[in-house]
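User: I am new to this structure and would like to understand the terms used to describe it. Please set each value against its definition.

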Amino acid sequence: MGTGRGDGPVLGISAYYHDSAAALVAEGVPLAAAQEERFTRRRHDPGFPAHAVLSCLRQTGLRLDELAAVAFYEDPALKFRRVLATWLATAPHGYPVFRRAFPQWAGRKRRALDDVRARLRALAPGQRLPPLVAHRHHASHAASAFYPSPYPSAAVLCVDGVGEWTTTSLWHGRDTDLVPLAELRFPHSLGMLYSAFTYFCGFKVDSGEYKLMGLAPYGTPRYAPLIRQRLIDVKPDGSFRLDLRYFTFQYGRTMVGRAFEELFDGPRRTPEGPLTEREFDLAASVQQVTEEVLLRLARTALRRTGERRLCLAGGVALNCVANGRLLADGGCEQIWV
Ligand SMILES: [Fe+2]
């Protein structure tokens with residue numbers, strides 16, 4: 001990875017998924033960063049972050065043609081192949097969704113980098129565009145945690161829903177290097193497990209997870225044994241596999257189906273419907289299991305790197321309750337999120 005400390009100015013862009021944003025880093029120092037929704041007033045705005053890019057340039061007084069590179073936060077071609085492979089592997093299950101959504105989706109996603117180039121050109125007519133590079137999603141996560149951290153070296157753990165294929169990754173960060181050590185791949189995802197419960201409890205995926213975390217202390221984790229027995233097989237080192245019979249996220253637009261409903265006492269809560277004891281207990285249960293997995297992953301990360309400091313990134317690392325447990329019981333001296 002060459003985007004760490006000591007390079008020329010680099011503009012980083014995240015777009016076309018959720019919470020589009022831009023950041024400008026020069027000589028290893030983040031100089032400006034902005035999220036598009038702050039300008040458009042559209043929550044989780046997934047569009048091209050034109051306002052955020054302009055804001056970063058304005059704040060730093062830099063022009064686009066003065067940048068060493070523009071970095072995109074994931075590899076669209078690789079992600080495209082994952083979605084295609086998943087849909088084909090689960091056919092005919094996902095076929096109706098596939099047929100309806102795929103052509104449009106495929107065109108847009110595969111051409112993501114072309115679109116970024118065109119949008120940048122429109123922002124700075126006549127200027128030479130710097131090279132546009134796509135980094136792996138988890139490499140972006142790892143860099144976002146380790147490079148701004150105050151540590152010369154650390155274990156780096158990234159846990160999220162999914163990027164291209166990777167859902168969980170472990171890195172050893174040393175000075176300007178990030179060395180990948182291990183990864184878990186889609187569809188086995190701790191983020192997807194948490195989002196499945198978010199969906200089942202009637203909240204919005206990629207947004208309502210914090211509500212689920214907030215509900216957890218009101219419940220008792222009476223479903224936790226069931227989650228461990230049926231949904232997720234966790235090894236002592238924290239690696240895990242989901243039992244895919246209970247999930248539907250791999251097919252398209254929903255997260256869970258009938259098998260999941262049968263396991264957890266009936267259909268999902270209707271969004272905005274009344275909250276019952278069941279949702280409190282489901283929240284407490286998935287929170288407990290998530291913490292257990294993270295604790296194991298963190299211990300593995302520290303053991304394999306010989307480090308005492310841990311950097312965390314990815315959607316699951318936004319679970320501040322779990323992070324508190326990591327700091328208390330995870331065996332690390334310090335954590336950086
Ligand atoms: Fe992510």
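Analyst: A residue is called buried if its relative accessible area is under 20%, exposed if over 50%, and partly exposed in between (1.4 Å probe, protein chains only). The model is predicted, so local features need pLDDT of at least 70 and side-chain atom pairs count only at pLDDT 80 or more, while totals for chains, interfaces and linings use all residues. Residues are numbered from 1 along each chain as its sequence is written, and side-chain values use heavy atoms, with hydrogens and water left out.

User: Why is Asn 319 called buried?

Analyst: Its relative accessibility is 6%, and the limit is under 20%; Asn 319 therefore counts as buried. Asn 319 lies in the loop between β11 and α12. Helices (H or I, at least four residues) and strands (E, at least two) are DSSP runs, numbered from the N terminus.

User: What makes the pairing of Asn 319 and Gln 287 a polar contact?

Analyst: A polar contact is a pair of N or O atoms within 3.5 Å; within protein, one must be able to donate a hydrogen and the other to accept it, and residues adjacent in sequence count only if both atoms are side-chain atoms. The side chains of Asn 319 and Gln 287 are joined at 2.9 Å, which meets the distance limit. With residues up to four places away in sequence not counted, Asn 319 touches Tyr 194, Met 213 and Gln 287, where contact means heavy atoms within 4.5 Å.

User: How do you know that helix α7 is largely enclosed?

Analyst: Eleven of the eleven residues of helix α7 (residues 190-200) are buried, so the helix is largely enclosed by the rest of the structure. Among them are Tyr 194 and Phe 197. At the start of α7, a side-chain oxygen of Ser 189 comes to within 3.3 Å of the backbone nitrogen of Gly 191.

User: Which residues have the most contacts inside the largest nonpolar core?

Analyst: They are Phe 197, Leu 231, Phe 247, Phe 264 and Leu 310, in a core of 56 residues. Helix α11 (residues 277-305) gives the most to this core, with twelve residues. The term stands for a set of buried Ala, Val, Leu, Ile, Met, Phe, Trp, Tyr and Cys residues joined through side-chain atoms within 4.5 Å.

User: Why is strand β11 described as largely enclosed?

Analyst: Four of the five residues of β11 (residues 309-313) are buried, so the strand is largely enclosed by the rest of the structure.

User: How do you know which residues coordinate the iron ion?

Analyst: Donors are N, O and S atoms within 2.8 Å of the metal (3.2 Å for Na, K and Ca); water is not among the atoms, so sites may look incomplete. His 137 (NE2), His 141 (NE2) and Asp 160 (OD) lie at 2.1 to 2.2 Å, and therefore qualify as donors. His 137 and His 141 both lie in helix α6 (residues 137-146), four residues apart, about one turn of the helix. His 137 is buried at 8% relative accessible area, and His 141 is buried at 16%.
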